[in-house]
Structures are given as C-alpha cells and as structure tokens.
Amino acid sequence: MMLSCEEISRLVSDSMDRKLPLAQRFAVWIHLIMCKFCSRYRKQLADIREIARKSSDLRQSAIKLPPEIRDRIKRNLQNSLKDLH
Amino acid sequence: MKNPETWVDEYGDQLYQFAFTRVHDSEIAADLVQETFLAGLKSKDRFEGRSSMRTWLTGILKHKIIDHLRKKNREYPVTDIELYVDTLGEFFDKSGHWKTGPAKWIANPSKLYEQQEFLEIFYQCLSGLTSRLADAFKLREIDGLSTDEICKVLSITATNLWVLLHRARMKLRGCLERNWFEKEVMKEQ
C-alpha cells in the first residue's frame, strides 16, 4: 500500500516522538527515497528540533522585566528574606 | 548571603523573557519569576554549583511553568473541535500530494540559532500558533519532555499529542519557509 505525502508527513512527525512499527518505518523509508519534498520535510523538522533546543539558551533582547514589576519582586523578596530569618 | 536584589538585576530579565514566551501574560510571567526567586532563596543551600546560577534558576522556573500549564489545561481541556476540525488542508490536495512542496533550505541550522534576526522570526512564527499547539511544541522541543510527561501536563492522550505536534511542526515549518528561507533564496539571486 503506497502512502501519500500527507500520510508520510504525519508518520515523519510521529517518528520524532515514538518508534514506528517496522512496516511503517519501511514504508516511510521507501517513500523518502523517491520523494524529494518529503525528504526535505523530514530534514527540516530535524533542523527545527535542533534550533528549538538551542534557541532557549540564548537571550531575546526585546522582552525586559518591566520596572514596576522588578521593584515589586525585589520588595517581596526582601520581605520573604525577613520571614526566613 | 548575597542580596537577593542583585539576583533580580542579574537574572530577572532572562527569567521573565523565558516565562513570558511560555505564558504570554505579563502578570503571570511576573508571578512565576517571583516564585522562582523565592524558591531559589529557600533552597540556595542545595545549589551545589554544578551548573550556573542562571541554569539552576531557569530549571526552577521551568517546573513552575509546567505546573501553571497543568492547571490551565485542567481548567480548559482540549476539545474535540480542536483535535478534529483543524486539518492541514492548506498544505495537501485531495490525493494527499503537497500543494507547494518544501523548498530547499539554504542556511546552516547550526548557525541559524545564533542569529538574532532569525530567532525573532522563529519566535514570531511560534506565537502564530494557537496556544495549545505552541504549548505542546515547546514542552516537547524546548523543555524536552517525553510524550507521557506532556500528556499529564496537557491532560490529553498520546494520540492527541501526536496530532498536535504534527500540526504545530507543519505550520511552523511553513511559516519559517515563507518568512525566512524563501527570502534567503531571493538574497542569493
């Protein structure tokens, strides 16, 4: 049974989260050999995974702690520090 | 001990950024950051210095965010409409072929995440997803939780989760291609 690109894209995504049964793995493999679009899709999902994993370690400069909130947090921490001692 | 105010100055922005990109609400993000500092104060003796302070505090924050998401999803469970109505018909025709197949991506992914411009596009694309799809994706790809763990947080089955992840990835990939990689190709020409 030949799977469509739509079905294959679903299996490619699933394969990133669980181990596919052997028959499905084989069907995907065969399709990817023949289909450059799905082959690119698989690679691009892997790229996105790598980017997402690493991106969270890096700073995003746009969002900053608003000053009022910063001051409020500091005050609350000072109060808690007193309670702790 | 070191004045906790310096903690806020040193790590406040980064923690707040991280929280805000996950919960999309400044008040909730502020609360989570405050709780993180409080928890850090209480357990600083347990911080053995194996990682950096920032990593350690971020770890505490991640747990707080997950608790928040768990509560939120219990309050507002995933509906059948969300799972079954939103299909990927924009990407595939009736016979299951790509309407527009993925283009060749020129850039090197290993270098991409270092580029601020790209990261802004990446986060913009993520914020274009519904919060349910975005939460599922981030829990999996940024926090690295397993299927089982995510299911407990979002109160969904594994099958539901895989549907959400498939959609999130398909839409995200499309957004990145339109807003970054296609433009990179044009630059080359």
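The structure is a predicted model. The contact draws on 46 residues of chain A and 61 residues of chain B.

Seven salt bridges are found across the interface of chain A and chain B. In one salt bridge, the side chain of R70(A) meets that of D13(B), with an N to O distance of 3.1 Å. Residue pairs in polar contact between chain A and chain B, counted with both residues at pLDDT 80 or more, number 16. On the side of chain A that touches chain B, at least two residues each come from helix 1 (5–14), helix 3 (36–55) and helix 4 (67–84) of chain A. Helix 3 of chain A gives the most to this side, with 15 residues. Sorted by class, the side of chain A that touches chain B comprises 18 nonpolar, 11 polar and 17 charged residues.

The space in the largest cavity amounts to about 30 Å³. Its lining consists of M16(A), L45(A), I48(A) and R49(A) from chain A, together with F137(B), E141(B) and R169(B) from chain B. Helix 3 of chain A and helix 7 (131–141) of chain B each supply at least two residues of this lining. Helix 3 of chain A gives the most to the lining of the largest cavity, with three residues. By class, four of the lining residues are nonpolar and three are charged, with no polar residues.

How values were computed:
Residues numbered from 1 in each chain as written. Chains lettered and ligands numbered in written order. Predicted model: local features only at pLDDT ≥ 70, side-chain atom pairs only at ≥ 80, totals over all residues. Heavy atoms only, no water. Contact = heavy atoms within 4.5 Å. Salt bridge = Lys/Arg side-chain N within 4 Å of Asp/Glu carboxyl O. Polar contact = N/O pair within 3.5 Å; in protein donor to acceptor, adjacent residues only side chain to side chain. Helix = DSSP H or I, 4+ residues; strand = E, 2+ residues; numbered from the N terminus. Nonpolar A, V, L, I, M, F, W, Y, C, P; charged D, E, K, R; others polar. 1 Å grid on protein atoms, 1.4 Å probe; cavity = no way out; pocket = protein on both sides within 12 Å on 5 of 7 lines; lining within 4 Å. Points joined across faces, edges and corners; volume = space filled by probe spheres on them.
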